[in-house]
Amino acid sequence: AQGLRAGPFYPAVYRRPPAMAVPLNNITVGSLKIPVPTYDRSAVRPGIVHLGVGGFHRAHQAYYTDAILSRGGDDLQWGICGVGLTQFDAAMRDTMQKQDNMYTLVSRGATTEAMVIGSHCEYLYAPDQPEEVLQRLSSPNTKVVTLTITEKGYCLDLDTGALDKGLEAVQKDLATLKEGGSKLLTAPGFLVGAALRRRAEKAAGLAILSCDNVQGNGEKTESAVLEMAELAGGEELKKYVHESFTFPNSMVDRITPATTQAVKDLVKADFGIEDLWPVAGEDFLQWVIEDKFPSGRPAWDQVLGGTCMFVEDVMPYELMKLRLLNGSHQAIGYTGVMAGYRLVHDAMADPLLLKFITAYMDCTTGAVPGPPGID
């Protein structure tokens with residue numbers, strides 16, 4: 001919400017005294033008192049490559065995938081290879097290495113619960129391992145690439161929607177691709193580099209699934225990759241990408257604030273884990289995905305209570321979120337601050353503001369086309 005903080009959900013300071021805790025790794029995970037991976041992590045194979053391993057990915061897509069891996073059998077093919085694209089991702093690389101690619105996920109609602117997520121079976125740091133990243137993207141075992149790289153990460157001109165060819169990173173990637181090199185910098189660059197190799201190796205099709213909170217995220221990803229492909233390899237490469245890659249749109253939802261020391265202290269005091277980088281999120285989550293996967297996909301819709309849906313058209317669900325959820329959040333923020341509140345739950349406890357927000361949502365519902373499967 002604009003201008004308000006969700007206080008009880010995510011305290012700035014955790015006041016319980018620190019407790020004895022153990023570091024999180026393969027040796028200690030079996031002794032923890034919270035749910036941990038029950039599947040054989042050594043048998044997991046990376047079928048998904050994720051670009052941009054941040055808090056939201058770890059609380060959302062990796063959570064769904066951990067549930068998939070828990071089913072065992074053929075689902076063990078859907079492990080995640082995480083990729084850090086920027087220099088800032090060195091800290092995540094170090095954390096994942098020290099914790100054997102595991103972390104604590106805290107879900108907060110009426111109660112606070114925690115579990116260990118183990119769906120990442122590999123982490124690659126692109127600034128130092130560009131060749132390894134390309135090899136993983138080009139592997140025949142890789143069937144899905146997911147992304148959470150923020151809107152800027154797609155290297156699009158926000159005014160025109162076209163690839164921003166003035167960006168230095170884009171220019172360097174185009175030169176690298178034309179030279180056949182691997183020292184790439186951008187997500188579109190790596191995806192086009194993978195296309196060149198997959199075409200040469202006659203690999204199967206690939207789904208590129210953006211999970212950023214951007215309307216038409218699949219279409220925007222496709223635009224960037226197709227233009228990069230044309231500039232790097234001409235019409236033939238562009239045609240290959242168009243025919244062999246799919247770019248499903250998706251709608252994602254889970255409030256996931258940045259990890260603070262308070263979250264680390266909570267995980268240590270309440271659950272006995274010395275986690276270098278846990279992640280916390282609300283207990284509500286949702287994922288709606290356009291069902292366009294040329295080489296198969298995880299059955300995310302069959303886990304976590306059916307909170308994921310595969311649909312033909314994501315747009316009605318996006319409009320529902322933008323107009324009802326995001327719009328009401330803004331309305332709470334603006335009116336709550338003007339009424340003197342600083343916390344969301346305090347604002348919503350005001351009968352007048354509650355009446356206003358309810359009326360706003362009732363009015364806005366008429367502008368939302370009824371999404372299938374939603375009451």
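Trainee: Let me start with S3 and strand S6 (residues 120-125): in which sense do they pair, and over how many bridges?
Mentor: Keep in mind that this is a predicted model. S3 and S6 pair in the parallel sense, over five bridges.

Trainee: Which residue of S6 is opposite Ile80?
Mentor: His120 in S6 stands opposite Ile80. Further along, Val83 is opposite Leu124 in S6.

Trainee: And how does strand S2 (residues 46-51) pair with S3?
Mentor: S2 and S3 are also joined by five bridges, in the parallel sense. There, Val49 stands opposite Cys81 in S3.

Trainee: What order do the strands take in the open sheet?
Mentor: The order is S6-S3-S2-S7-S8-S9, six strands with parallel pairing. S6 and strand S9 (245-246) stand at the edges with a single partner strand each, so one side of each has no neighbour in the sheet.

Trainee: What holds strands together in a sheet, in general?
Mentor: Strands of a sheet pair through backbone hydrogen bonds.

Trainee: Back to S3. How many of the residues in strand S3 (residues 79-84) are buried?
Mentor: Six of its six residues are buried. Both faces are covered, with Gly79, Cys81 and Val83 on one side and Ile80, Gly82 and Gly84 on the other.

Trainee: Which strands does helix H4 (residues 130-138) lie across?
Mentor: H4 lies across S2, S3, S6, strand S7 (144-147) and strand S8 (206-210). Its direction is at about 135° to S6.

Trainee: Switching to cysteines, how many disulfides does a search of the whole structure find?
Mentor: The search finds zero.

Trainee: Is Cys81 buried or exposed? And what about Cys363?
Mentor: Cys81 is buried, because its relative accessible area is 0%. Cys363 has 63% relative accessibility, so Cys363 counts as exposed.

Trainee: Okay, packing next. Which residues touch the most other members of the largest nonpolar core?
Mentor: Those are Leu51, Val83, Val145, Leu147 and Val241, in a core of 40 residues. Elements that each supply at least two residues of this core include S2, S3, H4, S7 and S8, along with helix H5 (168-179), helix H6 (187-200) and helix H7 (217-244). The largest share comes from H7, with nine residues.

Trainee: How many residues are in the second, separate core?
Mentor: That one has 27 residues, including Tyr64, Tyr103, Trp287 and Ala299.

Trainee: I'd like to zoom in on Val145. Where is Val145 found, and is Val145 buried or exposed?
Mentor: Val145 is found in strand S7. Its relative accessibility is 0%, so Val145 counts as buried.

Trainee: Which residues is Val145 in contact with, leaving aside neighbours within four places in sequence?
Mentor: With those neighbours left aside, Val145 is in contact with Val49, Leu51, Leu137, Leu191, Leu206, Ala207, Ile208 and Leu209.

Trainee: Now Thr112. Which strand does Thr112 lie in?
Mentor: Thr112 lies in strand S5 (residues 112-117). With a relative accessible area of 31%, Thr112 is partly exposed.

Trainee: What does Thr112 touch beyond its neighbours within four places in sequence?
Mentor: Thr112 is in contact with Val106, Ser107, Leu266 and Phe271 once those neighbours are left aside. The side chains of Thr112 and Arg108 are also joined by a polar contact of 3.4 Å.

Trainee: Which residues of helix H8 (residues 261-271) are buried?
Mentor: They are Ala262, Val263, Leu266, Val267, Ala269 and Phe271. The buried residues of H8 pack against strand S4 (103-108), S5, strand S11 (273-274) and strand S12 (279-282).

Trainee: And what follows H8?
Mentor: Gly272 comes next, with a positive phi near 70°.

Terms used
Residues are numbered from 1 along each chain as its sequence is written. This is a predicted model: local features need pLDDT of at least 70, side-chain atom pairs count only at pLDDT 80 or more; totals for chains, interfaces and linings use all residues. Side-chain values use heavy atoms; hydrogens and water are left out. A disulfide is a pair of cysteine sulfur atoms within 2.5 Å. Buried means under 20% relative accessible area, exposed over 50%, partly exposed in between (1.4 Å probe, protein chains only). Helices (H or I, at least four residues) and strands (E, at least two) are DSSP runs, numbered from the N terminus. Two strands pair if DSSP finds at least two bridges between them. Contact means heavy atoms within 4.5 Å. A polar contact is a pair of N or O atoms within 3.5 Å; within protein, one must be able to donate a hydrogen and the other to accept it, and residues adjacent in sequence count only if both atoms are side-chain atoms. Axes are lines fitted to C-alpha atoms, for helices over the stretch in contact, and angles run from 0 to 180 degrees between N-to-C directions. A nonpolar core is a set of buried Ala, Val, Leu, Ile, Met, Phe, Trp, Tyr and Cys residues joined through side-chain atoms within 4.5 Å.
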